[in-house]
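Hi there,

Here is the structure I promised to pass along. My notes follow just below it.

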Amino acid sequence: TDFTNEKEGLHRIANLIFKKLRQNQIEDMETSLREYRLNYDNMTGLPMYNHFVKLAEQTIRSRREKDLYFVYTDFSNFQYINEMYGYGAGDEILREYADWLTERCKGGIVFSRITADNFVGLFAAEDEKEAVDSYYQLTSEFCDYVNKEYELGNLVSATGIYHIDGTEKNMAVILDCANDARKNSKSQKAFCQVC
């Protein structure tokens with residue numbers, strides 16, 4: 001009976017340890033999920049803007065060889081796609097564009113969807129020509145792909161690119177410059193403006 005009592009006692013202790021470990025594991029998973037939800041867009045999986053800024057500033061401070069470029073892009077006629085094909089189709093296009101940015105952008109470092117169909121990002125290129133050419137190729141191929149899927153959409157991108165030279169005071173200044181260049185590209189009916 002002493003052996004039986006010891007065995008039952010060890011069994012209870014093992015159960016308590018297992019429950020505590022499982023509880024800790026669940027709490028860790030909940031904390032990770034909470035942090036993910038605070039830092040990443042649930043639709044695209046890209047960093048939320050505040051987290052993006054932190055990651056971009058770290059990259060800018062530690063950059064080594066290639067020049068860095070900040071990009072601001074949105075799509076003309078995106079609302080028309082939502083209206084013609086539904087918001088589910090629009091959401092899928094946003095997810096697909098996020099995938100294109102993270103998987104296909106030459107020199108891509110970090111990107112974020114800041115509102116609706118507005119995306120910002122940081123990427124490296126040898127010079128301004130390579131930055132414009134590579135980003136133009138990426139977005140024009142994406143728009144072509146979407147326009148084949150959604151024939152009535154006529155999706156067109158508008159982009160502003162800002163060359164980061166290291167003298168910038170903060171990310172807000174960089175964003176404003178790239179955004180101004182994007183607005184100019186729209187008014188001039190051009191794909192891209194560099195500022």
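**Strand 3 and its neighbours**

Strand 1 (residues 67-76) pairs with strand 3 in the antiparallel sense over seven bridges; strands are DSSP E runs of at least two residues and helices are H or I runs of at least four, numbered from the N terminus, and pairing needs at least two DSSP bridges between two strands. Within this pairing, T73 has F119 in strand 3 as its bridge partner.

Before going further: this is a predicted model, where local features need pLDDT of at least 70 and side-chain atom pairs count only at pLDDT 80 or more, while totals for chains, interfaces and linings use all residues. Residues are numbered from 1 along each chain as its sequence is written, and side-chain values use heavy atoms, with hydrogens and water left out.

Strand 2 (residues 108-115) also pairs with strand 3 in the antiparallel sense, over six bridges, and F111 stands opposite G121 in strand 3. The two strands form a hairpin with two residues between them, and A116 in the turn has a positive phi of about 35 degrees.

Is strand 3 (residues 118-125) enclosed or open? Eight of its eight residues are buried, so strand 3 is largely enclosed by the rest of the structure (buried means under 20% relative accessible area, with a 1.4 Å probe and protein chains only). N118, V120, L122 and A124 point one way, and F119, G121, F123 and A125 point the other way.

On the helix side, F78, Q79, I81, N82 and Y85 in helix 3 meet Y87, A89, G90, I93 and L94 in helix 4 (contact means heavy atoms within 4.5 Å).

Best wishes

Methods: Buried < 20%, exposed > 50% of the residue type's maximum accessible area, 1.4 Å probe, protein only.
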